[in-house]
Amino acid sequence: MYAMEVCVDSVESAVNAEEGGASRLELCGNLIEGGTTPSLGLLKVVKQNVGIPVYVMIRPRGGDFLYSTTEREVMMADLRLAKEQGADGIVLGALTEDGNIDKDFCSQLIGLARPLPVTFHRAFDMVEDPSQALEDVISLGCERLLTSGCDSTVLEGLPTLKKLTKQARERIIIVPGGGINERNLPRVLEGTGAREFHCSASSFKQSGMVYRNTAVCMGGALRPPEFGFKVASTDRVRTLNQIAKSVTQ
């Protein structure tokens, strides 16, 4: 009756998500930047350790979704390699400088991705006109659209999510994502009628390092915690699954 997609950037998170009952994985690198293209090594080992579908993010860097010629070449090369390494689906998106869907480039990428299913990612949340952008994404042939309703979180974007779902008329699967947790999931599912949702279901895990040089940070301006990281929590995935079941029954 519903599907839970968990975004992960490690083998541990992938295994935990499947154990907790996730229906599908969105495999990324660098979730702290919103997710970028994962390494081929990560994809290969994740595929060896889980049995649920693995959709691979194609995004060459963090930041905006306006890509240079060389970045586009990287994205096309990454997509081809992801297919060769057994990706079950592709997650992508690109915009023009004026905030529209870059239909020409996205069409190229989708052509390379076929016959794999394609999800248009949260680049959508940065468009100038969500209504027109939805029609563009549908016309490209994407199976799914991942969106927070063009706002910081799904709760703030709930009014737009409702409008998009109504406009879509089941021509595409709208997948709410962005800040979903145990408290707001019932409201999101009930408010949108969504049968799929996207979350990280993560918790903080302390580093195993005994010696710690706290004067050095390997991150940039974001300055993530040096001696800890986030992983998908089996318990949180399981809890979110139970909540979704109770709402959709």
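Which residue in β3 is the bridge partner of Leu27? In this predicted model, the partner is Val56. Helices (H or I, at least four residues) and strands (E, at least two) are DSSP runs, numbered from the N terminus. Two strands count as paired if DSSP finds at least two bridges between them.

The model is predicted: local features need pLDDT of at least 70, side-chain atom pairs count only at pLDDT 80 or more, and totals for chains, interfaces and linings use all residues. Residues are numbered from 1 along each chain as its sequence is written, and side-chain values use heavy atoms, with hydrogens and water left out.

Strands of a sheet pair through backbone hydrogen bonds, either parallel or antiparallel. Here, eight strands form an open sheet, and the pairing is parallel. The strand order is β7-β6-β5-β4-β3-β2-β1-β8. At the edges lie β7 (173-176) and β8 (196-199), each pairing on one side only. From one strand to the next, the twist averages 25 degrees.

Axes are lines fitted to C-alpha atoms, for helices over the stretch in contact, and angles run from 0 to 180 degrees between N-to-C directions. Helix α1 (residues 11-20) and helix α2 (residues 40-49) have axes that come within 9 Å and cross at roughly 30 degrees. The two helices are therefore roughly parallel to each other. Angles under 35 degrees count as roughly parallel, over 145 as roughly antiparallel, 65 to 115 as roughly perpendicular and the rest as oblique. The crossing of α1 and α2 is right-handed. A crossing is right-handed if the near helix is turned clockwise from the far one by less than a right angle, and left-handed if anticlockwise.

The axes of helix α3 (residues 69-84) and helix α4 (residues 103-113) come within 9 Å, crossing at roughly 20 degrees. That makes α3 roughly parallel to α4. This crossing is right-handed. For helix α5 (residues 130-140) and α6, the axes come within 10 Å and cross at roughly 40 degrees. That makes α5 oblique to α6. Their crossing is also right-handed.

Two loops carry backbone features of note. Most residues other than glycine have a negative phi, and most peptide bonds are trans. The peptide bond from Arg114 to Pro115 is cis, with omega near 10 degrees. Pro115 sits in the loop between α4 and β5 (118-120). Cys150 has a positive phi, near 60 degrees. Cys150 lies in the loop between β6 (144-147) and α6 (158-168).

The largest pocket has a volume of about 680 Å³. Of its 33 lining residues, Glu33, Gly34, Arg59, Phe65 and Arg122 are the closest to its centre. A pocket is an open set of points on a 1 Å grid over the protein atoms alone, where a 1.4 Å probe fits, with protein on both sides within 12 Å along at least five of seven lines; lining residues have an atom within 4 Å of a point.

How values were computed
Grid points are joined across faces, edges and corners, and a volume is the space filled by probe spheres set on the points.
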